[in-house]
Amino acid sequence: MFDQVVDTRRYPLHDADGPLWKEVISQVRAELAATGCCVLTDFVRPELQETLRSEGAAVAPHAHYDVETVNVYNIAVDGELPADHPGRVEFQRGNAFVARDLIPEDLIVHRLYTHPVFRRFVADCFGLEEVHELADPLSGLCLNVVRPGMEHPWHFDTNEFTVSMLTQAPESGGVFEYCPGIRTAEAENFDDVRAVIEGRGEPLVRRLTLRPRDLQLFKGRFSLHRVSPVAGAVERHTAIFAYSEHPGVIGSASRTRQLFGRVLPVHLEAGRAVRGDLLLD
């Protein structure tokens, strides 16, 4: 499978624990430690770029759209927060998601997501013993769709690590912006967060113009990030591979309904997702 999908000359998923595997892992870990983000360029073979794009475009119309008022923590915007709290700053979230159960299993991104060697590679990149697919039938793998004129505003991820791949680039805009390590598991650092979302924290912001076929590994739990407004006539599509250090993780009913517009019985039965810290979500 990997010889047909992944450029194994650069990323030796066919030779786990081989010398090139260890070299790639070492480089990834160094970048993650330095900036909280690593982009593995041309991860998927170049001849599959149009297939990757067309597969994502085929499922994108199934995305759930619901423009809503949010803040960086995805907590209630009418909560009892201090007047200067960054959670008081509101955004309009206009991106949409295609749930996993609407992404066919033969698509490139689905085949990657479920392959045990790819999971092993992801775990090694983040220095983890093992990662698991989410047990959640909707959010384990999804396609993030940003239409022209829309954006994915500043936010933190609920997972400590994020794996994603752009499948369709917009004509312009849609730049990935992030602030590496702006908070830690022990400290929210509200002052810097507020400076960034109010446009006063430019020195803290890094920018990446991602390309289709690149694999992005990112510590999104501690790095504030967003996708800037998309311009032109082409949507921005990104596959998000959601893993967890813990097996059996299922999203909350409220968050699932927010993202996908529906819940399943398994969400109503699930408790709060496992967290390794006490940070705001």
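Author: The six nonpolar residues in the lining of the largest cavity are joined by two polar and one charged. Here Ala, Val, Leu, Ile, Met, Phe, Trp, Tyr, Cys and Pro count as nonpolar, Asp, Glu, Lys and Arg as charged, and the others, Gly among them, as polar. This is a predicted model, where local features need pLDDT of at least 70, side-chain atom pairs count only at pLDDT 80 or more, and totals for chains, interfaces and linings use all residues. Residues are numbered from 1 along each chain as its sequence is written, and side-chain values use heavy atoms, with hydrogens and water left out.

Reader: What volume does the largest cavity have?

Author: A cavity is a set of points on a 1 Å grid over the protein atoms alone where a 1.4 Å probe fits but cannot get out. Points are joined across faces, edges and corners, and the volume is the space filled by probe spheres set on them. The count is one cavity of 30 Å³ or more. The volume of the largest is about 60 Å³.

Reader: Which helix gives the most to the lining of the largest cavity?

Author: Lining residues have an atom within 4 Å of a cavity point. Among them are Leu52, Glu55, Gly56 and Val59, along with Ile103 and Thr167. Helices are DSSP runs of H or I with at least four residues, strands are runs of E with at least two, and both are numbered from the N terminus. With four residues, the top contributor is helix H3 (residues 49–59).

Reader: How far does H2 reach from its first C-alpha to its last?

Author: Helix H2 (residues 19–35) has 17 residues. The expected span is 1.5 Å times one less than the number of residues.

Reader: Why do the buried residues of H2 line one face of the helix?

Author: Buried means under 20% relative accessible area, exposed over 50%, and partly exposed in between, with a 1.4 Å probe and protein chains only. In H2 the buried residues are Trp21, Val24, Ile25, Val28, Leu32 and Thr35. Their arc is taken from the directions from the helix axis to the C-beta atoms. They line one face because, seen down the axis of H2, they fall within an arc of 125°.

Reader: Which residues are exposed on the other side of H2, and what do the buried ones pack against?

Author: Pro19, Lys22, Ala33 and Ala34 are exposed on the other side. The buried residues of H2 pack against strand S1 (37–40), H5, strand S10 (176–179), strand S11 (206–208) and strand S12 (215–218).

Reader: Which residues outside its sequence neighbourhood is Ile25 in contact with?

Author: Ile25 is found in helix H2 and is buried, at 7% relative accessible area. Its C-alpha is 8.8 Å from that of Gly127, 102 residues apart in sequence. Contact means heavy atoms within 4.5 Å. Leaving aside neighbours within four places in sequence, Ile25 is in contact with Phe121, Asp124 and Cys125.

Reader: What arc do the buried residues of H7 fall within?

Author: In helix H7 (residues 253–260), Thr256, Gln258, Leu259 and Phe260 are buried. They line one face of H7, as seen down its axis, within an arc of 165°.

Reader: Where does His267 lie, and is it buried or exposed?

Author: His267 lies in helix H8 (residues 265–269). Beyond four places in sequence, its contacts include Asp136, Pro137 and Thr256. At 1% relative accessibility, His267 is buried.

Reader: What is the phi of Asp17?

Author: Most residues other than glycine have a negative phi. Asp17 is found in the loop between helix H1 (2–5) and H2. Asp17 is partly exposed, with a relative accessible area of 43%. Although not a glycine, Asp17 has a positive phi of about 75°.

Reader: What is the phi of Arg213?

Author: Arg213 lies in the loop between S11 and S12. Arg213 is buried, with a relative accessible area of 8%. Its phi is positive in a residue other than glycine, near 85°.

Reader: Which glycine just after H7 takes a positive phi?

Author: Just after H2, Gly36 takes a positive phi of about 75°. Just after H5, Gly127 has one of about 70°. Just after H7, a positive phi of about 75° belongs to Gly261.

Key. 1 Å grid on protein atoms, 1.4 Å probe; cavity = no way out; pocket = protein on both sides within 12 Å on 5 of 7 lines; lining within 4 Å.
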